[in-house]
Amino acid sequence: MANTSSSSNIRAHIDVQLFHYIVKIGIGTFKTKPPYKEYYLDIDTGSSLIWIQCDGCTKCFKQTPNPFPKEKSSSFHPILRENKHVLYQCKYEDGDNTNGILARETFYLRSNTATPMFGCGLDNEMQYGDYKSNKIAGMIGLGWDDISFVKQLGLKSKGKFSYCLPVVSSGKTPSTFLRFGDDIAHKKNSKSTPLYRREKKSPYYVQLLGISINKTRLNISPEVFAFKNDRRSGCVIDSGTHYSRIVKHAFDILKLELEKYFSRFKGLKKIKGNLGLEICYQRSKPDGFNNLPDITFHLQGSDADFVMKAEAAFEVVGRFIPIRLREYFCLAIIRDNVESIIGAYQQTNHMIIHDTKNKKLVFYPEDCSKKS
């Protein structure tokens, strides 16, 4: 397990790169002031490995600053077994992958330090490199496994971490943090639902029971979302997935009911958007998020309703057709043939607390553009 310093405020500043929520962490020990180099890591609750692209990589993605100079850090210690490097391989659901060696290194989180085991990526294929001026250098895995950052913090994290994801389109500079342990605050209006682990995998599962449009609950059986070993199903809450995904049968009902809902409004025209989203309408006049409904995911527990305001349920986009600016909106949820996922876009403007020790997810509405 990692060693940590004594301060209780274990936190890292959250930032955004396109669809990715990232944290800035100091890594390594160098003869400089400050004595570490700062890198941005992608926050991923759906996996457990912590890794960073290292200098000397044979297959590298573009990033700024340059890959981590492991040989120049006095605190970098590769993990050896019979005098040979211990290798790792990690492949993600979207096909991205990283391979390299395992090591220990000093990580700085504000006034705290930790020395977790992490992956030093030497053969990496990640979509980050497709972005112009990419600043993501790796990933901080926060899943169920013992190698996740929350688990490696040991007693200091108390098995808990929290985050508050700001709306990307707000244009405001985030002033929110990924927090651990005693640095996490609870509010009286918080709700909770049980967290589950399935088949010893990293992701956190919750039990989704139904969906509502505004206050109207849709006729969807909870069995549609139930976990089935042969066909997987179930519902994951994942910061590393952008748009939420809903299993096909439930999505078809949601689509039908939304079409009925929007049929009552004048000036709307069904179109095919260019965001990879299925339910889109063009407006005759721009109206932003006005007149768009809330979407609620009903989770297991007493009043454990996860309410997504329009800003978290829809994308609103302007485009020129051909020279006039026309606005269209899309439901920011995708159909899926395998399982449902509550993605990062839908988690915005909520305080999300993973309590792995007590196996529960705590959440409440919060303005994540403010310090939280």
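1. A quick term before we start: "buried" means under 20% relative accessible area, "exposed" means over 50%, and "partly exposed" is in between, using a 1.4 Å probe and protein chains only. By that rule Cys235 is buried, with a relative accessible area of 1%.

2. Now for what you're looking at. This is a predicted model, where local features need pLDDT of at least 70 and side-chain atom pairs count only at pLDDT 80 or more, while totals for chains, interfaces and linings use all residues. Residues are numbered from 1 along each chain as its sequence is written, and side-chain values use heavy atoms, with hydrogens and water left out.

3. On to the cysteines. A disulfide is a covalent bond between the sulfur atoms of two cysteines; here the test is a pair of cysteine sulfur atoms within 2.5 Å. Searching the whole structure turns up four disulfides. If you count the bonded cysteines along the chain, the pairing goes 1-4, 2-3, 5-8, 6-7.

4. Have a look at Cys54 and Cys120, which are bonded with their sulfur atoms 2.0 Å apart. The torsion about that S-S bond is about -130°, so this disulfide is left-handed. Cys54 sits in the loop between strand S4 (50–53) and strand S5 (77–78), and Cys120 is in strand S12 (residues 117–125), so the bond ties together parts 66 residues apart in sequence. (Strands, E, are DSSP runs of at least two residues, numbered from the N terminus.) Both Cys54 and Cys120 are buried.

5. Next, Cys57 and Cys60 are joined by a disulfide, S to S 2.0 Å. With 120° about the S-S bond, their link is right-handed. Are its two ends buried or exposed? Cys57 is buried, at a relative accessible area of 13%, whereas Cys60 is partly exposed, at 42%.

6. Further along, Cys280 and Cys330 make a disulfide with sulfur atoms 2.1 Å apart. Their link is right-handed, with 110° about the S-S bond. Cys280 belongs to strand S25 (residues 280–283) and Cys330 to strand S29 (residues 325–331), so this pair ties together parts that are 50 residues apart in sequence. Cys280 counts as buried at 1% relative accessibility, and Cys330 does too, at 0%.

7. Finally, two cysteines to check by eye. Cys90 is in no disulfide, and the nearest cysteine sulfur, that of Cys120, is 15 Å away. Cys90 counts as buried, at 16% relative accessibility.

Key. Helix = DSSP H or I, 4+ residues; strand = E, 2+ residues; numbered from the N terminus.
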